[in-house]
Amino acid sequence: MSVAEEVLFQNNIYDFVFYLLHAGSVVSAALVTLTFLGLSWFKGELTESISFRLSIWIAVVDIFYSLFNILNHAFTNPGFLCTSSAWGISFTSLFFVFLSVSLAFNLQATVVHNKPEKPKWEKIYIFTSLALALVLSLAPLPFDVFGYDSNNNICWFISTHQHRAVWETLTFLSWSILGVVYSVVVVAMITERFIRQVRCISALENLSDSHSINIDRSKIINLAALFITFYALVPAITQTFNLLAEFMVLDGLKVSFPLLMAAVISSSIQGIVNSIVFALDPTLRLAVSELREDLLRVYFSSKLDIPPEMEHSPSMRQRILNFTVENFLLRSSTYVNDVEATWSVIEGIQVPEKVKIPMTMLSQKGDEFDNIEIHTLEISTIATLSMVPSPLLKK
């Protein structure tokens, strides 16, 4: 393979990975944002954690970060799009770093120093992060530092500008490095505290079982804090190789293809990594669990409350609810296992497919009940795991 063919092959690999991962980040971050909006609408009280809410702001920034990168890579010609995309990458990168630092600071305050969260903190974190990112990213614009760099064929800090190194270091690189270092330090502090508390809990378990409830609660709290700490690791995962490559370019060194690929992969998966951490967040798992229970409760309550003659014409909302529960929740292996575990408690009883529940329909005339009609409602055994109202009996 000739040198030209090798360069062409490397460029094709780079472009394919670049567009694929950035597109995946946009989709992942959009799903995180939509999930949060849905949970806020259905169970707003479960999304009040500042760390959880900051992660959603980070997801929104991830969307624009990837979009600016795609725009930047697609239009590598001098002009407005080139300059604006370079500014957009700088702004969203700094905004992401400052939001991550705010999240790490909030974790340090609440987990390490046991400070209670205050709602006003969220506004302070967001406003400060936005203001700093805007000031630092807008400062180079009047001096024509952003634009098309013909030496590297990219839209970024122009390498031929007289003060390029000063501008990039003062308005971008130094802040990114400080943010990554601080986030790693906070992760180390929380991890050390977690290990120390696990040892204390183990010592308490060996002493007595009388405090087992408090011990279990402490385990859950510490485990939740450990999962939330993963948010603070994202800047180190996604920015380290990119910053290393930037410093090599500033020093006039050639960036090897493996390092270039490591930089593009790590920076392109920013939205994907944040979505994975979001999926591991205990707040999300709690919210989904409560949402699942509420849907099942509404579903089975409606089945038991609706007379047989009205079951043939349910409302559109009820149809959507029935479809969701019957095709997703009731068929899930987790729920089926819960039902089998519940029935297996009774020795010798095999799990039936359906259960008949007696129902009593009453019609009222004046103050007296008459025309009692008793029928049975046949529903899946899955329903027995949810609350089933007792039959209404005439006394």
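Buried means under 20% relative accessible area, exposed means over 50%, and partly exposed is what falls in between (1.4 Å probe, protein chains only). This is a predicted model, where local features need pLDDT of at least 70, side-chain atom pairs count only at pLDDT 80 or more, and totals for chains, interfaces and linings use all residues. Residues are numbered from 1 along each chain as its sequence is written, and side-chain values use heavy atoms, with hydrogens and water left out.

View 1. Helices (H or I, at least four residues) and strands (E, at least two) are DSSP runs, numbered from the N terminus. Of the 395 residues here, 39% count as buried. The chain exposes about 22,500 Å², and carbon and sulfur atoms supply 65% of that; the areas come from the Shrake-Rupley method with a 1.4 Å probe, and for residues only the protein chains shown count as cover. Contact means heavy atoms within 4.5 Å. Take the contacts between residues at least 6 apart in sequence, and 71% of them join residues at least 24 apart.

**View 2. A hairpin made by β1 and β2.** Strand β1 (residues 146-149) pairs with β2 in the antiparallel sense, over four bridges; two strands count as paired if DSSP finds at least two bridges between them. Look for F146, whose bridge partner in β2 is F157. Four residues sit between the two strands. N153 lies in this loop between β1 and β2, and its phi is near 55°, a positive value in a residue other than glycine. With a relative accessible area of 42%, N153 is partly exposed.

View 3. D144 counts as exposed, at 55% relative accessibility.

**View 4. The largest pocket, holding about 1,300 Å³ of space.** A pocket is found on a 1 Å grid over the protein atoms alone: it is an open set of points with protein on both sides within 12 Å along at least five of seven lines, while a cavity is a set of points where a 1.4 Å probe fits but cannot get out; lining residues have an atom within 4 Å of a point. Grid points are joined across faces, edges and corners, and a volume is the space filled by probe spheres set on the points. Of the 35 lining residues, Y14, N152, N153, I154 and L260 are the closest to the centre of the pocket. The elements giving two or more residues to the lining are α1 (3-42), α2 (50-74), α3 (80-112), β2 (154-157), α5 (164-207), α6 (212-250) and α7 (257-268). Helix α1 provides the largest share, seven residues. By class, the lining splits into 17 nonpolar, 13 polar and five charged residues. Ala, Val, Leu, Ile, Met, Phe, Trp, Tyr, Cys and Pro count as nonpolar, Asp, Glu, Lys and Arg as charged, and the others, Gly among them, as polar.

**View 5. The largest cavity, with about 60 Å³ of space.** A search of the whole structure turns up two cavities of 30 Å³ or more. Lining the largest one are A29, V32, S55, I58, A59, D62, Y231, G271, N274, S275 and F278. Two or more of these residues come from each of α1, α2 and α8 (270-280). The lining has six nonpolar, four polar and one charged residues.

**View 6. S25, a buried residue with a relative accessible area of 0%.** S25 belongs to helix α1. Not counting residues up to four places away in sequence, S25 touches S66, S268, I269, Q270, G271 and I272. S25 and I272 are 247 residues apart in sequence, yet their C-alpha atoms are 4.8 Å apart in space.

**View 7. Q239, which is buried with a relative accessible area of 2%.** You'll find Q239 in helix α6. Leaving aside neighbours within four places in sequence, Q239 is in contact with F96, V180 and Q270.
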